[in-house]
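Welcome, and please take a look at the model below.

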Amino acid sequence: MNVRLAYQEDDIGITNILMNMISESEAKEVAQKVVREILTLPRYISLVYVNKGIQGFGTLQFEPYEGANGVAEIVWLGVHRQERRQGIGASLVKEIEQLAINKGIRKVYIKTNSENIASNCFWITQRYKFEARMLDFGSVGVDYYMLGKEIV
């Protein structure tokens, strides 16, 4: 099995993947801050896919919504661009879902950019279903889809 829990020593590998996912001009600084949080705060648990280095990672956040019991959200899922479409993301999702089941989670959510067709197709193939469209009235004007999956 190539998927395991992420350790603090995985920070550089995860940061490198995150920098390609973040469109901000300070991508490295933002990615480093995110990685510090997901590897140290107890509300997150991260997994990595390792094969000659970290090729992908996923992060589950427990209790992401106030008042919602038994739900979690996959807040990050990233795979190196050159390693995509090889089952790494699907392997990570499968292991994240099993971890969630072991922690008593009944439903997992994912939020994805409505314009990211590849991401939306990936989540549909993982059997996540549309639950809501989150409208962004900010300066960027990008909407998000909220997808969910019952896992027990």
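How much space lies in the largest pocket? About 1500 Å³. This is a predicted model, where local features need pLDDT of at least 70, side-chain atom pairs count only at pLDDT 80 or more, and totals for chains, interfaces and linings use all residues. Residues are numbered from 1 along each chain as its sequence is written, and side-chain values use heavy atoms, leaving out hydrogens and water.

A pocket here is an open set of points, on a 1 Å grid over the protein atoms alone, where a 1.4 Å probe fits, with protein on both sides within 12 Å along at least five of seven lines; lining residues have an atom within 4 Å of a point. Its volume is the space filled by probe spheres set on the points, which are joined across faces, edges and corners.

Of the 43 lining residues, Met21, Leu77, Thr112, Asn116 and Ser119 lie nearest the centre. Strand 4 gives the most to this lining, with 7 residues.

| Class in the lining | Residues |
|---|---|
| nonpolar | 21 residues |
| polar | 13 residues |

Strands pair if DSSP finds at least two bridges between them; strand 5 (residues 107–113) and strand 7 (residues 144–150) do so in the antiparallel sense over 7 bridges. In this pair, Ile110 stands opposite Leu147.

Definitions and conventions: Helices (H or I, at least four residues) and strands (E, at least two) are DSSP runs, numbered from the N terminus. Ala, Val, Leu, Ile, Met, Phe, Trp, Tyr, Cys and Pro count as nonpolar, Asp, Glu, Lys and Arg as charged, and the others, Gly among them, as polar.
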